[in-house]
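Reader: I would like to go through the labels attached to this model one by one. Please give the criterion behind each.

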Amino acid sequence: MTQVVLGENEGIDSALRRFKRQVSKAGILADVKFHRHFETPQEKRKRKGVSARRNRRF
């Protein structure tokens, strides 16, 4: 769970910026996009294969 505590004289803009940065670092949005739709077994195999090929290159 991402949490941002406001400082004494901190503006909402800077707190929102910090919150967005923490959410992106935690990978929350990527996880939400990933789980947005049902993934068929065929799509899952295809995604894992692409990921494996990508990882082998590096």
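Reader: Why is E10 called partly exposed?

Author: The relative accessible area of E10 is 25%. Buried means under 20%, exposed over 50%, and partly exposed in between, with a 1.4 Å probe and protein chains only. E10 is therefore partly exposed.

Reader: What is the origin of the coordinates, and which conventions apply?

Author: This is a predicted model, in which local features need pLDDT of at least 70 and side-chain atom pairs count only at pLDDT 80 or more, while totals for chains, interfaces and linings use all residues. Residues are numbered from 1 along each chain as its sequence is written, and side-chain values use heavy atoms, with hydrogens and water left out.

Reader: What makes the pair E10 and R18 a salt bridge?

Author: The closest N and O atoms of E10 and R18 are 3.0 Å apart. A salt bridge is a side-chain nitrogen of Lys or Arg within 4 Å of a carboxyl oxygen of Asp or Glu. The pair E10 and R18 is therefore a salt bridge. R18, at a relative accessible area of 27%, is partly exposed.

Reader: How many salt bridges does a search of the whole structure find?

Author: Two. R47 and E39 meet through their side chains in a salt bridge, at 2.8 Å from N to O.

Reader: Why do R47 and E39 count as partly exposed?

Author: R47 has 33% relative accessibility, so R47 is partly exposed. For E39 the relative accessible area is 22%, so E39 is partly exposed too.

Reader: Why is A15 called buried?

Author: Its relative accessibility is 6%, so A15 counts as buried. A15 is found in helix α1, residues 12-26; helices are DSSP runs (H or I, at least four residues), and strands (E, at least two) are such runs too, numbered from the N terminus.

Reader: What is A15 in contact with, leaving aside its neighbours within four places in sequence?

Author: V4, L6 and E10, where contact means heavy atoms within 4.5 Å. A15 and V5 are ten residues apart in sequence, with a C-alpha to C-alpha separation of 7.9 Å.

Reader: Why is T2 buried, and where does T2 lie?

Author: T2 has a relative accessible area of 18%, so T2 is buried. T2 lies in the segment before α1. With neighbours within four places in sequence left aside, T2 is in contact with F19, Q22, V23, A26 and I28.

Reader: How do you know that L16 is partly exposed?

Author: L16 is at 42% relative accessibility, so L16 counts as partly exposed. Its place is in helix α1. The C-alpha atoms of L16 and V32 are separated by 19 Å, the two residues being 16 residues apart along the chain.

Reader: What makes H35 exposed?

Author: The relative accessible area of H35 is 55%, so H35 is exposed. H35 is placed in the loop between α2 (28-34) and α3. Between H35 and S14 there are 29 Å in space, C-alpha to C-alpha, and 21 residues in sequence.

Reader: Which residues form the positive surface patch?

Author: R53, R54, R56 and R57. Patches are made of residues with over 30% relative accessible area and no salt bridge, like charges being joined within 9 Å and nonpolar side chains (Val, Leu, Ile, Met, Phe, Trp, Tyr) within 5 Å. Lys and Arg count as positive and Asp and Glu as negative, while His and the chain ends are not counted.

Methods
Areas by Shrake-Rupley, 256 points an atom, 1.4 Å probe, with all protein chains shown as cover. Charge placed at Lys NZ, Arg CZ, Asp CG, Glu CD.
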